[in-house]
Amino acid sequence: MAFDLDMIKKVYDRYSTRVEAARKATGKPLTLTEKILYAHLSEGDAQKAFGRGVDYVDFAPDRVAMQDATAQMALLQFMQAGRPQVAVPSTVHCDHLIQAKIGAVEDLSTAVDVNREVYDFLASVSDKYGIGFWKAGAGIIHQVVLENYAFPGGMMIGTDSHTPNAGGLGMIAIGVGGADACDVMAGLPWELKFPKLIGVKLTGKLSGWTSAKDVILRVAGILTVKGGTGAIVEYFGEGARSLSATGKGTICNMGAEIGATTSIFGYDEKAAAYLKGTKRADIAELADAIAEHLTGDEEVYANPEQYFDQVIEINLSELEPHVNGPFTPDLAWPISKFATAVKENGWPTKLEVGLIGSCTNSSYEDITRSASIAKQAIDKKLKTQAEFTITPGSEQVRYTVDRDGYLDTFAQMGGVVLANACGPCIGQWARHTDDPTRKNSIITSFNRNFAKRQDGNPNTHAFVASPEIVTAFAIAGDLTFNPLTDTLTNEAGEQVKFDEPQGIELPVKGFAVEDAGYQAPAEDGSKVEVIVSPTSSRLQLLEPFKAWEGTDITGLKLLIKAKGKCTTDHISMAGPWLKFRGHLDNISNNMLIGAINYFNLTADSVKNELTGEYGPVPATQRAYKAAGIGSIVVGDENYGEGSSREHAAMEPRHLGVRAILVKSFARIHETNLKKQGMLGITFADPNDYEKIQEDDNIDITGLTTFAPGKQLTVVLHHKDGSTESFPVNHTYNAQQIEWFKAGGALNIIRKQMAS
């Protein structure tokens, strides 16, 4: 059964008119990306062409999806908006707060008990405001969305950076912060700078050990973690049409690791088959009727260089399996070169854990391909040398692969099935280790492998590969093993070699599930009461942020000058901190504790200018706040890359940081800062980063004439009495400047709703 079918019909009914208007406005053939974007303009039919990477545009997304860690803050904000019900179909998915420790049953039971207060809050808020609620154990948000809500040609925003997973079914799906979700649920337009377009032409066809995962691992190697920033990646060509819908989802999911706004594939036979296989034949029928609008125009794909800002071509027939890492998802190694890289770089060759599943690779096809390798290990009498875990993406997938015997196969080769949740992928992993300080290696089929990401251990070298490659490595227990060419010694002392993996795209007997975990909202939410205890350590009602005082900002202390990579994990760690995602003050105690201080090359150690002593970042900032002193955070390139968590923007705002000055921002984080009324600025000359000294007092001038495209000035008052200044850039448009002046976008929404 399809959810929200009437909404989808309305979207499709207007498609022809919207696309024709866009062709007329732009005067050219259209990419699929452009068709979907122009079809979702909040103003209706396109009246003009928008400049890529230049114009801010208001869109009207079809739906909103939120995972439980980010939904708490998003819904706490929505409660302040004054609406009786969400304006667009919205869902909450409880997947982030379940820690992997023992196994699925025990871990889920523990999570339900430990997180009862949060789950009850989310369920009651969903009930009250007309939001679909997916209980703990139902599955990971992106897999559940792909199975139930994604539809070709649609537009969705989600409070998780891997929302683009839905691009596998031809949907523009973009990760955002909770403030953006709040806007859309409140019925307001959603603003996005019109993206640049990267085209990836896929030729040939996958075979043998190579899988869809290897496509994005290769693309990550080409574009790096920021090569897709400000762009949507559109895949096309005969190779694209040959991939399964879930394989396409894997590619789009991990597109977040190249900084892309989102990624997308066109509607084709594989997408139709997946819709029918997940009991949504009615949507496939509707999509078939407008199929010409659910892919790029023929002229575009015939001459892609004329229509995309950048074009990459990959021959799937020649593509090797890849292993990416360690410590960054864009360090790409073809399997034929990986063993040499391991040896030359001195990475630990012994593999301690192999982990498959997650939102990126937990489809029926992924599980069956991995299970075919596990079955070979059993049949060839091979003993698994590393720990091995399996994380199903949804209860529907878990139930079906269990019915079809694949979970039993994993159990026989020593695998442990974890709960249908994010688990180790996001640091929710109570890892079994005898020495957490030892350098060690793990390999996953996840999407992200920054230092400390999975287990909090900076000594863990995490690598990323396809589920079948991970399974083979776990059996071998050795990162210098090449499953395509090498043999292993079995229990009988014989040399045996793996055959190529075999997989099944969709279950022959169809998907099945007893309880998918969905809870529909109350028909009349007005009678539902949402209670938040004032003494709760997990939940806290929000207070509006103060408006700008109307003057330049002067006398700022330097809180930290962060050196090198500073992701949202560095700014607001996950793991044990997830339990405070609904309590802004408590979670602010993790603010920037992972960032490296430029002046002492140490994490969570900054100089308190009031005492002259070094101490934790949050405590130092609280001291400044108590003294009524503002501060500034200085950062490096691509500041705020990674997860969409708006806590990384809200925590500095809450604790009194006035501005973030960096060489460059990651897209979602920059937007989150703007939404919260924070000043996010960039060095006009990146070399000016070096001028900032530890004891500086800092002014930001030009704010009384703050305007789009107009530079501001940073003035440094050094300890020796000297002064120097330099210009800084910003990307605020007129509306975003109003957010800054009002103290945050939510303050404006509240006033609009009240009037």
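The points below describe selected features of a predicted model.

1. Basis of the values. Residues are numbered from 1 along each chain as its sequence is written, and side-chain values use heavy atoms, with hydrogens and water left out. As the model is predicted, local features need pLDDT of at least 70 and side-chain atom pairs count only at pLDDT 80 or more, whereas totals for chains, interfaces and linings use all residues. Helices (H or I, at least four residues) and strands (E, at least two) are DSSP runs, numbered from the N terminus.

2. Aromatic pairs. The structure holds 33 aromatic pairs, where rings of Phe, Tyr and Trp (its six-membered ring) pair if their centres lie within 6.5 Å, and where planes under 30 degrees apart count as stacked, over 60 as edge-to-face and the rest as tilted. In one of these pairs, the ring centres of Trp 333 and Trp 347 are 5.9 Å apart with the planes at 70°, so the arrangement is edge-to-face. Because Trp 333 lies in strand E13 (residues 332-334) and Trp 347 in the loop between helix H15 (335-345) and strand E14 (351-357), this pair ties together parts that are 14 residues apart in sequence. Trp 347 has a relative accessibility of 11% and therefore counts as buried, a term that stands for under 20% relative accessible area, with exposed meaning over 50% and partly exposed in between (1.4 Å probe, protein chains only).

3. Trp 333, Phe 338, Trp 347, Phe 463 and Phe 473 form one aromatic cluster.

4. In H19, 10 of the 10 residues are buried, so the helix is largely enclosed by the rest of the structure; among them are Pro 467, Glu 468 and Thr 471. H19 is followed by Gly 477, whose phi is positive, near 70°. Helix H3 (residues 32-39) is likewise largely enclosed by the rest of the structure, because 8 of its 8 residues are buried, including Glu 34, Lys 35 and Tyr 38.

5. Strand E14 and its partners. With 7 of its 7 residues buried, E14 is largely enclosed by the rest of the structure. Two strands are taken to pair if DSSP finds at least two bridges between them. E14 runs parallel to strand E17 (residues 440-444), to which 4 bridges join it, and Val 353 has Ile 442 in E17 as its bridge partner. E14 also runs parallel to strand E15 (residues 387-391), with 5 bridges joining the two, and Leu 355 stands opposite Thr 389 in E15.

6. The barrel. A closed barrel of 7 strands with mixed pairing runs E22-E25-E26-E27-E30-E29-E28, and its twist averages 40° from one strand to the next. Strand E26 (residues 657-662) pairs with E27 in the parallel sense over 4 bridges, where Ala 659 has Leu 679 in E27 as its bridge partner. Strand E27 (residues 679-683) pairs with strand E30 (residues 723-729) in the antiparallel sense over 2 bridges, and Phe 683 stands opposite Val 728 in E30. Since 5 of the 5 residues of E27 are buried, this strand is largely enclosed by the rest of the structure.

7. Charges over rings. Lys 561 lies over the face of Tyr 598, at 3.9 Å from the ring centre, and the charged end of Lys 674 sits over the ring of Tyr 732, 5.0 Å from its centre. The criterion is that NZ of Lys or CZ of Arg is within 6 Å of the ring centre and within 35 degrees of the ring normal.

8. A helix crossing. The axes of helix H9 (residues 212-223) and helix H11 (residues 245-254) come within 8 Å and cross at roughly 25°, so H9 and H11 are roughly parallel to each other. Angles under 35 degrees count as roughly parallel, over 145 as roughly antiparallel, 65 to 115 as roughly perpendicular and the rest as oblique.

Methods. Axes are lines fitted to C-alpha atoms, for helices over the stretch in contact, and angles run from 0 to 180 degrees between N-to-C directions.
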